[in-house]
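Here is a short briefing on one protein chain. Look over the sequence and the 3D view first, then read the notes by topic.

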Amino acid sequence: MFNWAGLSAFVYRARTDHTVLTVTGVGMTLDEQSWRQAVPGKVAGILWRKIKVVSMLQTFLKAKLHRVTATHAELHYEGSCAIDGKLLDSSGIREYEQIHIYNINNGERFSTYAIRGEDNSGIISVNGAAAHKANKGDLLIICAYVQLDEQEAESFEPTLCYFENARNENDAEQVSDAELHARNKLTGIKNAIATQMSDLA
């Protein structure tokens with residue numbers, strides 16, 4: 001007996017090899033003929049066409065700001081990470097999009113969302129609870145991810161933004177705020193990371 005409750009709950013997400021379909025939440029594997037027998041009327045064909053085009057989604061790196069410098073860590077500002085608006089535009093990261101931040105200096109890894117900072121200011125401000133995980137002057141990698149099906153993944157390329165003015169050590173107490181902001185000037189964009197060789201010497 002077809003599980004109508006499961007059908008009403010599914011979200012058009014299924015894994016298919018173009019002939020066999022597994023409906024999420026229903027727990028049944030159906031070919032098109034069986035589907036049409038289970039679901040009466042014209043709705044069977046409509047739903048089958050909608051579901052059949054959806055394949056399994058995988059998560060890929062969408063964009064990366066590599067080695068930006070934290071210019072602020074504001075514990076009591078509304079939680080988020082403020083990023084220079086021009087850097088958002090260059091990377092393709094959208095305002096309010098979920099981002100993942102990796103702190104090179106202390107190894108912390110955390111997620112938050114992006115908000116737009118003043119254009120061309122160089123601001124990278126870690127706000128709210130996340131400010132416990134980063135200090136002014138820390139080197140950060142900020143990433144956003146995207147879910148793609150197999151066809152989309154074939155031609156997809158991430159946007160990788162680089163900042164060559166960064167410093168390895170946190171010297172925020174020895175330099176001006178203007179210097180920290182200047183380190184977040186975009187110096188290059190790539191769409192691929194070179195193959196890492198086993199001999200790093």
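This is a predicted model: local features need pLDDT of at least 70, side-chain atom pairs count only at pLDDT 80 or more; totals for chains, interfaces and linings use all residues.

Residues are numbered from 1 along each chain as its sequence is written, and side-chain values use heavy atoms, with hydrogens and water left out.

The structure holds 7 salt bridges. A salt bridge here is a side-chain nitrogen of Lys or Arg within 4 Å of a carboxyl oxygen of Asp or Glu. Helices (H or I, at least four residues) and strands (E, at least two) are DSSP runs, numbered from the N terminus.

**Salt bridge K133–E108**

- K133 pairs with E108, and their closest N and O atoms are 3.3 Å apart.
- The pair links distant parts of the chain, 25 residues apart.
- K133 sits in the loop between β9 (124-127) and β10 (139-148), and E108 in the loop between β7 (98-103) and β8 (109-117).
- K133 is partly exposed, at 30% relative accessibility; E108 is also partly exposed, at 29%.
- The classes are set by relative accessible area: buried is under 20%, exposed is over 50%, and partly exposed is in between (1.4 Å probe, protein chains only).

**Salt bridge K136–D177**

- The side chains of K136 and D177 meet at 2.6 Å, N to O.
- K136 has 34% relative accessibility and counts as partly exposed.
- D177 has 43% and counts as partly exposed.

- R183 forms a salt bridge with D171, with 2.8 Å between the closest N and O atoms.
- R183 is in the loop between α6 and β12 (188-190), while D171 is in the loop between β11 (159-162) and α6.
- The two residues are 12 apart, and the pair links distant parts of the chain.
- Both R183 and D171 are buried.

**N170 in its loop**

- N170 is in the loop between β11 and α6.
- Its relative accessibility is 31%, which means N170 counts as partly exposed.
- Beyond its neighbours within four places in sequence, N170 is in contact (heavy atoms within 4.5 Å) with N105, N135, K136, G137 and D138.
- N170 and G137 are 33 residues apart in sequence, yet 5.1 Å apart in space, C-alpha to C-alpha.
- The N170 side chain makes a polar contact with the side chain of D138 at 2.8 Å.
- A polar contact is a pair of N or O atoms within 3.5 Å; within protein, one must be able to donate a hydrogen and the other to accept it, and residues adjacent in sequence count only if both atoms are side-chain atoms.
- A polar atom of the N170 side chain also lies 3.0 Å from the backbone nitrogen of A172.

**S91 in helix α4**

- S91 belongs to helix α4 (residues 85-91).
- S91 is buried, because its relative accessible area is 2%.
- The S91 side chain reaches the backbone oxygen of L88 at 3.2 Å and the backbone nitrogen of I93 at 3.3 Å.
- Leaving aside neighbours within four places in sequence, S91 is in contact with A63, L65, T159 and C161.
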